[in-house]
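Hello,

Here is the structure I promised to pass on to you. Please open it alongside this message, and then read on for what turned up in it.

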Amino acid sequence: MAASIRSIVRAPSRIFLVLQRIHQTQVTVGVLRAPVITPVIRNFFYSSKLLNLESSEKNDHGVESLKDLSRYKDKPWKYLESEEYIERYGSKPVWANYRRNHKGGIPPQKTRKTCIRRGKTCGNPCPICRDQNIIIHYQNVSLLQQFISPYTGFVYDPTRTGVCMRQQKRLNTAIETAKLHGLIPTQLPFVDYTGEDYSNSHGAVAHTPPPPSKTPDEPWYSWYGSIEPNEHELARVKKIYKSYLK
């Protein structure tokens, strides 16, 4: 589908090159019909330029230009229930039969950044970019659960699923949104709140004794009256604050 779109976009530019060559030959021969051909060439030039601008604007989004062509864009979860999906993937996840292309025997630690750049798809796109009907959405729970471990509840690493980093970020965002909306169960760590942490019956908590009966001149603490200040330090402090002690 993407190849047919690119061929349609390139057609005006090819026609423009043919008409430009005809115009050059007519000018060299000296035919007076060149002013008639010139507006036609100009119109084709502007139309091809506009088409190229529109295609470049669409291809800047890359995946969106292809995903918009899908008939499941309004309800992407319907695709996983269709016969087309069952015939292609069966009961396996979309990434089950995918194999990454890499140099050497050891795969890289990260997948590629994106599979579609400037409207051109790479040779071996990731499981999400290769199928235009697979659309990431927080309501597409059946698709999101394929990328979540049923034992730990964690999202699978992209090195296991082969998803590009751009689609992996969208997956993480959609999964978090689905958890906030209650569409995907969230596993919280179990914390045992014992009664000792919140009761006042253990030894660290006791009844506060009443304040002792003291005279106004008597200090609150018994050991406070036996403290004698250092004469040297007391003279130094008095010298510093002598203007305030008058």
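A question to start with: is Asp 131 buried or exposed? Asp 131 is buried, because its relative accessible area is 3%, and buried means under 20%. Before going further, please keep in mind that this is a predicted model.

The protein has 246 residues, of which 26% count as buried. Eight helices and two strands make up its elements, and from the N terminus on they follow the order α-α-α-α-β-β-α-α-α-α. If you look at contacts with a separation of 6 or more, 65% of them join residues 24 or more positions apart. The protein exposes about 18,800 Å², and carbon and sulfur atoms supply 56% of that area.

Next, the inside. In soluble globular proteins, nonpolar side chains tend to be buried together. Here the largest nonpolar core has 27 residues, and Val 94, Ile 128, Leu 144 and Phe 147 are those with the most contacts inside it. At least two residues of this core come from each of α4 (83–89), α5 (141–144) and α7 (165–180). The largest share, four residues, is supplied by α7.

Leaving aside residues up to four places away in sequence, Val 94 touches Tyr 85, Tyr 89, Pro 127, Arg 130, Ile 134, Leu 143, Gln 146 and Phe 147. Phe 147 is also one of the residues with the most contacts inside the core.

Then come the salt bridges, and the count comes to three.

In one of them, the side chains of Glu 84 and Arg 71 meet at 2.9 Å, N to O. Glu 84 sits in helix α4 and Arg 71 in the loop between α3 (63–67) and α4, so this pair ties together parts that are 13 residues apart in sequence. Glu 84 counts as partly exposed, at 34% relative accessibility, while Arg 71 is exposed, with a relative accessible area of 62%.

Another brings us back to Asp 131, whose side chain meets that of Arg 88 in a salt bridge (3.4 Å, N to O). What does this pair tie together? Arg 88 lies in helix α4 and Asp 131 in the loop between β2 (120–121) and α5, so the pair links parts that are 43 residues apart in sequence. Arg 88 is partly exposed, with a relative accessible area of 46%, whereas Asp 131 is buried.

The remaining salt bridge is between the side chains of Glu 233 and Arg 236, at 2.9 Å, N to O. These two residues are three apart in helix α8, so about one helical turn separates Glu 233 from Arg 236. Both ends are partly exposed: Glu 233 has a relative accessible area of 35%, and Arg 236 has one of 44%.

Enjoy exploring it, and write back with any questions.

Best wishes

Methods
Residues numbered from 1 in each chain as written. Predicted model: local features only at pLDDT ≥ 70, side-chain atom pairs only at ≥ 80, totals over all residues. Heavy atoms only, no water. Core = buried A, V, L, I, M, F, W, Y, C linked by side-chain atoms within 4.5 Å. Buried < 20%, exposed > 50% of the residue type's maximum accessible area, 1.4 Å probe, protein only. Contact = heavy atoms within 4.5 Å. Areas by Shrake-Rupley, 256 points an atom, 1.4 Å probe, with all protein chains shown as cover. Salt bridge = Lys/Arg side-chain N within 4 Å of Asp/Glu carboxyl O.
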